[in-house]
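Good morning. Please look at the sequence and the structure on the screen, and I will go through a few places in turn.

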Amino acid sequence: MGRERRQGLITLALIGITIGLLSSATGLGGGFMVVPLLIFLGREAKIAVGTSFVFILIVAISSIIAHYRLGNVDLKTGLILGLGGVLGAQIGPQILQHISEQNFKRIFSVLLVITAIWIFVDSRN
């Protein structure tokens with residue numbers, strides 16, 4: 001393995017550690033950080049979204065275990081939300097197929113800004 005490739009893998013692993021820490025501590029899942037990062041690294045939006053779910057799955061399983069051990073899991077609520085999420089997760093990629101790369105970036109950016117404002121305003125209470 002070449003030096004550049006090894007450094008790239010190490011960089012991705014360190015970024016993964018950082019995002020994993022932040023997502024498991026905040027419950028934000030990490031996709032909101034992974035998707036822009038992958039787009040910045042040159043991946044297509046559709047690939048960035050799909051790839052972020054691999055990351056989210058692995059981090060989510062680990063986070064569930066850690067939070068469950070600490071007694072921080074409302075299993076019933078999580079399962080109900082998850083069942084609804086399964087349906088939405090099947091519809092989302094179909095919609096994404098019909099959105100241009102440019103429009104996806106615009107929509108995603110707006111959602112990030114709205115989320116940031118909402119969290120900021122809510123933190124003042």
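I start with a term: a residue counts as buried when its relative accessible area is under 20%. What you see is a predicted model.

Now apply the term to F104. Its relative accessibility is 11%, which is under 20%, so F104 counts as buried. F108 has a relative accessibility of 18%, and therefore F108 counts as buried too.

Why do I name these two residues together? They form an aromatic pair. A search of the whole structure finds one such pair. F104 and F108 are stacked, with 5.6 Å from centre to centre and 20 degrees between the planes. The planes count as stacked because the angle of 20 degrees is under 30 degrees. Both residues belong to helix 5, which covers residues 101-123. They sit four residues apart in that helix, or about one turn.

Next, a pair of helices. Two packed helices are described by the angle between their axes and the distance between the axes. Here the helices are helix 2, residues 31-40, and helix 3, residues 45-69. They pack at about 140 degrees, and 8 Å separates their axes. How are they oriented to each other? An angle over 145 degrees would count as roughly antiparallel. At about 140 degrees, helix 2 and helix 3 are therefore oblique. Their crossing is right-handed.

Which residues make the contact? On the side of helix 2 they are G31, V34, V35, L38 and I39. On the side of helix 3 they are A45, A48, V49, T51, S52, F55 and I56. Sorted by type, the residues of this contact are nine nonpolar, three polar and no charged.

Let me pick out S52, which is in helix 3. Is S52 buried or exposed? With a relative accessible area of 2%, S52 is buried. Leaving aside residues up to four places away in sequence, S52 touches G31, V34, V35 and L38.

Last, another serine in helix 3, S62. The relative accessibility of S62 is 46%, so S62 counts as partly exposed.

Note on methods: Residues numbered from 1 in each chain as written. Predicted model: local features only at pLDDT ≥ 70, side-chain atom pairs only at ≥ 80, totals over all residues. Heavy atoms only, no water. Axes fitted to C-alpha atoms, helices over the stretch in contact; angles between N-to-C directions. Helix = DSSP H or I, 4+ residues; strand = E, 2+ residues; numbered from the N terminus. Parallel < 35°, antiparallel > 145°, perpendicular 65-115°, else oblique. Left-handed = near helix turned anticlockwise from the far one by under 90°. Contact = heavy atoms within 4.5 Å. Nonpolar A, V, L, I, M, F, W, Y, C, P; charged D, E, K, R; others polar. Buried < 20%, exposed > 50% of the residue type's maximum accessible area, 1.4 Å probe, protein only. Phe/Tyr/Trp six-rings, centres within 6.5 Å; stacked < 30°, edge-to-face > 60°.
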